[in-house]
Amino acid sequence: MMTRGVVITAVCLLPLLLPTSAQSEYSLTFNEATTVVNLNLQSRELRVTQNGRLVQQIRLSANLSPTARHAETATGFTLTNDDGTVLELSRDVDRSDYSQFSVVRSDVPRSVAIVDCVNLLGSQWYGGPQQKHQYWPVQKQHYNRYSMVAKEADNSGVGDRYWLNALGSFVHVDQWAPLFVDQNYGQPGFLCLETRASLPYDTHGPSYDFRYTVGVATDAKVAHMAAVRELFGRPTGHPAQSMVAEPIWSTWARYKRDIDQTVVQQFAQEIINNGFRGQYELDDDWEQCYGALTFNRTKFPNIRASVAAIKSLGFERVTLWIHPFINKGCEPWYSDAKRRGFLVADWTGSTDTEWWNSQKGQAAYIDFTKGEVREWFTARLDAILQESGIDSFKFDAGESSWTPPDPVLNGPLTRRPTQIVGDYLRTVATFGDLVEVRSAQATQDLPVFVRMIDKDSNWGWNNGLPTLLTTLLQLNMVGYPLVLPDMVGGNGYDNQPPSKELFIRWLQANVFMPSIQFSYVPWDFDPETVTISLAMIQLHRSITPAIMERFALAVSEGAPVNAPLWWLDPTDRTAQTIYDQFLLGDDIIAAPVIVENARARDIYLPKGAWTDGNTGQKHVGPTWLRNYPVPLSMIPYFTRSTE
């Protein structure tokens, strides 16, 4: 009888009398040989099978020599090249339902690049970085030596390195590796993981590490939950119920920077007069100058009175927009921070950078990698709360791309530039259960809303309405279940505000997501829009208990709040491809309309008994509802039948 656990075998493809160095194939065997990892030195191919079924195929980097020297370890084996570089395969987890191993190169010389290419195997894939063109499933994405950091470009504010396939296996790359990705570029059908000591990563240290983990389970759902348990962690708490039950009203999209005391109080009064309530959010251009963290006294002569007036109308909570920059000319704050070494500098000592509210070279990024800076920044925010009566904050930016191009951070060289993302987010996450952030990387444990980066007011895949759904799925499937959708109708950039139809369909798509944010408002259109909006908010309010229940499950187990449709049946090949429907928990399917002028759509119901939330009609899946009628006032949704 075989003993459970890892069995290490060296399969010799040449005569048995040859020395170990002449062997060309090595294996790790898990769970009594149900999962087998086979590495062939001649082809440099790593094949992973489960019960004889291929679930991963990875072509290892060309610098792996066919004559590499093999040595067994306690959990696997190593292969040492003639140049001294070492490849290690190490068993991490061996359970009846899940196997996990690591592929490791340690102390890779700075001059050496590694390229391991994952075969997409014709399967559906999920996860990857957040993108402006967020296709789903993600094997449709294209990348060309794409740096895997949290960055402003392409809306890649969440840069986690995790890809899950429908075969029940994932690849997760360590957050500190200097990783670039090629996908469907040069080698169609492959996801190539390249590490090299090039900007935006560290170029000064002598070496770097490259580690990735492969997980294998019976299906994609089991594999993903194992990734949460073994790699991501789960949120330590969740946002307040008040941010879920009632809308958030932001000044940004409607007013941009044209705000003052009169404008914000009039906006608050409009909201109440039209029958709405919720959380009020004071956005951009309230400061004396960017980075001052003090109110502009011309615009807001008495901020405490203004906040009190807003709350007296019925808003229980008021939050304030915050960023991590100080602009040149914002004195005395800029000079003081620079003198104290509180700004991120490059290797020449320059702190010059830029963001969307500065000219090139006319701003600096606060250096959150230093403990004294985190304390200083926190104290300044505490002072705002004390002065104003504001309850908490919306934290913008945070991506590492805002630093100078070659930053010097307070930490190991190999952690640059990613380190600053986590240090910023962990600083601001302390401000309670009303906090929202927009950047993330290996911060799945934080109990805060992760907001989608600004969406554009269009119907297309260029950051428009379809990407509201696919970004929701993408964030959930890289371990961030507490997702805050962007504002209803998008941000109206380039003087293109949403049409009435886009506004309504966008709102309907939001209903079964964790929260609803407005800036453009229903009464800007007509009474019908107001009526539909009130009905959608009431529907969202009615499912708040289901959302909060799922929040609690995210905290206790790490489960997604809004999962893709295949979550209910990971073997359902049709569900694996669905991008325009999503789940709330396990018992609600949302199928919003995301096509302009559409008054009908096809809806797929996976296995189970389902009740139409609008008509009460019952259905048994798997089945298609073809040409399902959807008037402008309706959001199609289905609840699991208990009968």
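Reply: Helices are DSSP runs of H or I of at least four residues, and strands are runs of E of at least two. The model is predicted. On that basis, residues 251-403 are 34% helix and 14% strand, with the end C-alpha atoms 27 Å apart.

Me: How do you know that residues 251-403 belong to an annotated domain?
Reply: The UniProt record, an unreviewed entry, places "domain: Glycoside hydrolase family 31 TIM barrel" at residues 251-403 and 463-547.

Me: Which domains is the protein divided into?
Reply: The bounds come from an automatic or database assignment. The division gives domain 1 (25-231), domain 2 (243-322 + 371-557) and domain 3 (566-640).

Me: What makes domain 1 and domain 3 a contacting pair, and how far apart are their centres?
Reply: Contact requires heavy atoms within 4.5 Å. The contact takes 11 residues from domain 1 and seven residues from domain 3, so the two domains are in contact by that criterion. Their centres, taken over C-alpha atoms, are separated by 34 Å.

Me: How much area is buried between domain 1 and domain 3, and which residues of domain 1 supply 51% of its part?
Reply: About 830 Å² is buried between the two domains, with carbon and sulfur atoms giving 67% of this area. On the side of domain 1, Y126, W136 and K221 supply 51% of the area buried against domain 3, more than any other three residues.

Me: How many salt bridges and polar contacts are counted between domain 1 and domain 3?
Reply: A salt bridge needs a side-chain nitrogen of Lys or Arg within 4 Å of a carboxyl oxygen of Asp or Glu. The count between domain 1 and domain 3 is zero salt bridges. One residue pair is in polar contact, both at pLDDT 80 or more. Helix α1 (residues 220-232) gives the most to the side of domain 1 that touches domain 3, with four residues. By class, that side has seven nonpolar, two polar and two charged residues.

Me: Which peptide bond at W136 is called cis, and where is P137 found?
Reply: The cis bond joins W136 and P137, with omega about -10 degrees. P137 is found in the loop between β11 (125-127) and β12 (143-147).

Technical notes: Residues are numbered from 1 along each chain as its sequence is written. This is a predicted model: local features need pLDDT of at least 70, side-chain atom pairs count only at pLDDT 80 or more; totals for chains, interfaces and linings use all residues. Side-chain values use heavy atoms; hydrogens and water are left out. UniProt positions are given in the numbering used here, feature names are shortened, and annotations may be inferred rather than shown by experiment. Buried area is the accessible area (1.4 Å probe) that two parts lose on being put together, summed over both. A polar contact is a pair of N or O atoms within 3.5 Å; within protein, one must be able to donate a hydrogen and the other to accept it, and residues adjacent in sequence count only if both atoms are side-chain atoms. Ala, Val, Leu, Ile, Met, Phe, Trp, Tyr, Cys and Pro count as nonpolar, Asp, Glu, Lys and Arg as charged, and the others, Gly among them, as polar.
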